[in-house]
Amino acid sequence: MAFDPPRPGDERFMAAAIRLAFRHSGQTGTNPSVATLLVRDDGAGPRIVGRGITALGGRPHAEAAALGEAGDLARGATAYVTLEPCAHHGRTPPCATALVSAGIARVVSAAADPDPRVDGKGHRILLSGGLSVTRGVLRADASSDLSPYLTRHALGRPQITLKTAISADGRIGREGSGQVFITGKIANGQTHLVRSRHDAILVGIGTVKEDDPGLDCRLPGLSDRSPRRIVIDPDLTIDPDMQLVRTARRTPLILVAKGSAEPDKRRALIEAGVEFVACDTVPGSNRVALPELLEDLGAMGLQNILVEGGAAVAASFIEADLVDRLILVRGEIEIGEGGIAAPIALDEAKRRFRQTDRLSLGTDLWFEFERRA
Ligand SMILES: NC(=O)c1ccc[n+]([C@@H]2O[C@H](COP(=O)([O-])OP(=O)(O)OC[C@H]3O[C@@H](n4cnc5c(N)ncnc54)[C@H](OP(=O)(O)O)[C@@H]3O)[C@@H](O)[C@H]2O)c1
C-alpha cells in the first residue's frame, strides 16, 4: 500500500480531532470513541466543514456524522480520523466506502484498528478508491485515548487501571477503622473524574465491609456517568443493608460469587436489583481466578475497569500482572500503628511501571503509570 507523507497542519487538525473524541470517551459501548474532522481549503486557508464523534452507545460512527454535517462541502475535503475507518458492512455501509462515495480527496488517520474486520482493510478501500492516505499522525496520543478498546483487542480482556490512595507512611487504611480519608477534596474530585471514564469500578468484599462505599461519580453534571460497581465476594457475605445494595437499582451492582453460595440470599439480592457473575476460585484457595473473571467481564462488553482496592484485591491484580495503568495518590497524613501496608510502594511502582504523569493536587501528589512496553 502506498501511503503519502504528512503535510503541514496535519498534526494541528489531528490534535483537535483527538480532543473532540475525548468527549464521548467511556460512553460508546464496545465501540471506541472516535472523531472525524473534515477540512477544506478553497484558497483562503483551511476551514472545518464537518465534525463527528461516535454517538453515545457506539452508533452512528464519527465519519457518518461529519459527512452529514458537511453535505456537498465534503467533496474534495481532507478527513482527519482518529482511528482507521471501518471496512465491514453492518446496517450501514463501511465508513471507508462512505468517505470514498462522498468524494473526500485525502484521509489522514492516527491509530490503526486491530479489529480483524478492519486491520488495514479500511485503508485499502480508501487507496483503491483513489484517495491520498496518510496514516500514523499523532498515533501515540490517539492510541492512549483509545487504549481500552486497543487493550481488549490485543489481550482479549478489559483494560485494568488500579488506583490507590497512600498515606505519607505508606499505608492505605487502618484495620477495623472504617474508611480513612487519606486525600483531599481536589484529588477526590479527580478520582471521580477518572471513575466517570471507566465502564466499571471493582473492589473486594473486605473494602465493602470496612468502608460501606458508594463507588459512584459525584461530580456536578457527571452523576449520570457513574459506572457499574463490581464486588468480589465469593461466599456472598455482603450485608444487604450496605449502600451498594441499597443503590443497585440506580447504579448497577454486580457481585462476583460462587454459583453455589447462599441461594436464598442470592434470590433476595436479585430482587433488590443486584446482578451476578459466577466465578472460579484458584485451586486450594478461596480466591477468585482473576484472568477468567476478566474474560467474563470482557464478554459482557466492559472495556475498562477501575480497581479501587482494597489491599488484598489490589495485590492480586499486581501479582497476576493484570495492571495496565496505575494511579497512586500520596496524601499528607500518617496512619501509623495498625495501618494496612500499600499493595505497591511509590518507589516500586516507578521501577515496575513507566511514569506518565505527576500532578500536585492541593497538598496531595497524583502519579500515573502505565505498563512498560
Ligand atoms: N487507600 C485506598 O485507596 C483504599 C481503597 C480501598 C480500600 N482501602 C482499604 O483497604 C481495606 C480493605 O482491604 P482488604 O484487603 O481487607 O479487602 P479487599 O481487598 O477489598 O477484599 C479482600 C477480600 O476479597 C476476597 N477475595 C476473593 N478473591 C480474591 C482475590 N483474587 N484476591 C484478593 N482477595 C480476594 C478475600 O478473600 P479471602 O479472605 O478468602 O482471601 C478477602 O475476603 C480497608 O481498610 C479499606 O479502607 C483503601
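Let me start with Arg40, which counts as buried because its relative accessibility is 15%, and buried means under 20%. The model is a predicted one, so please hear every value as computed from it. Arg40 is found in strand S1, residues 35-41.

Next, Glu63. The UniProt record, an unreviewed entry, gives this residue the annotation "active site". Glu63 sits in helix H2, residues 62-70. Is Glu63 buried or exposed? It is buried, with a relative accessible area of 3%. Its contacts, again not counting residues up to four places away in sequence, are Thr36, Val81, Leu83, Pro85, Cys86, Cys95 and Leu99.

Arg59 and Pro60 are joined by a cis peptide bond, with omega at about -5°. Pro60 is in the loop between strand S2, residues 46-53, and H2.

Now the sheet. Nine strands form an open sheet in the order S11-S10-S9-S8-S12-S6-S13-S16-S15, and the pairing is mixed. Which strands are at the edges? They are S11, residues 275-278, and S15, residues 353-361, and each of them pairs on one side only. On average, neighbouring strands of this sheet are turned by 20° against each other, with direction ignored.

Within the sheet, take S6 and S12. S6 covers residues 159-166, S12 covers residues 304-307, and the two pair in the parallel sense over four bridges. In that pair, Leu162 stands opposite Val307 of S12. Helix H7, residues 185-196, packs on the sheet and touches S6, S8, S12, S13, S15 and S16. The direction of H7 makes about 30° with that of S16.

Phe276 and Ile230 are 46 residues apart in sequence, and their C-alpha atoms are 9.3 Å apart in space. Phe276 touches Leu236, Ile254, Leu255, Ala257, Arg266, Leu269 and Ile270, not counting residues up to four places away in sequence.

On to the nonpolar cores. In soluble globular proteins, nonpolar side chains tend to be buried together. Here the largest nonpolar core has 34 residues. Which residues have the most contacts inside it? They are Leu202, Leu293, Ile305, Phe317 and Leu326. To take one of these, Phe317 touches Ile160, Leu202, Leu290, Leu294, Val307, Leu322 and Val323, not counting residues up to four places away in sequence. There is also a second, separate core of 22 residues, which includes Ile18, Leu37, Ile53 and Tyr149.

Back to the record. The unreviewed UniProt entry places a "binding site" at Leu215, Arg218 and Glu308. Leu215 is in the loop between helix H8, residues 205-211, and strand S9, residues 228-232. Arg218 is found in the loop between H8 and S9. How exposed is each of these two? Leu215 counts as buried because its relative accessibility is 5%, whereas Arg218 is exposed, with a relative accessible area of 52%. Leu215 touches Arg195, Ile201, Val203, Arg229 and Leu244, and Arg218 touches His192 and Arg195; neither list counts residues up to four places away in sequence.

The loop between H8 and S9 also holds Asp212. Phi of Asp212 is near 45°, a positive value in a residue other than glycine. Asp212 is partly exposed, at 27% relative accessible area. Asp321, in the loop between H12 and S13, has a positive phi as well, of about 55°.

Last, the other cis bond on my list. Gly309 and Gly310 are joined by a cis peptide bond, with omega at about 0°. Gly310 is in the loop between S12 and helix H12, residues 311-319. Why mention these spots at all? Most residues other than glycine have a negative phi, and most peptide bonds are trans.

Notes
Residues numbered from 1 in each chain as written. Predicted model: local features only at pLDDT ≥ 70, side-chain atom pairs only at ≥ 80, totals over all residues. Heavy atoms only, no water. Pairing = 2+ DSSP bridges. Axes fitted to C-alpha atoms, helices over the stretch in contact; angles between N-to-C directions. Contact = heavy atoms within 4.5 Å. Core = buried A, V, L, I, M, F, W, Y, C linked by side-chain atoms within 4.5 Å. Buried < 20%, exposed > 50% of the residue type's maximum accessible area, 1.4 Å probe, protein only. UniProt positions renumbered as here; feature names shortened; annotations may be inferred.
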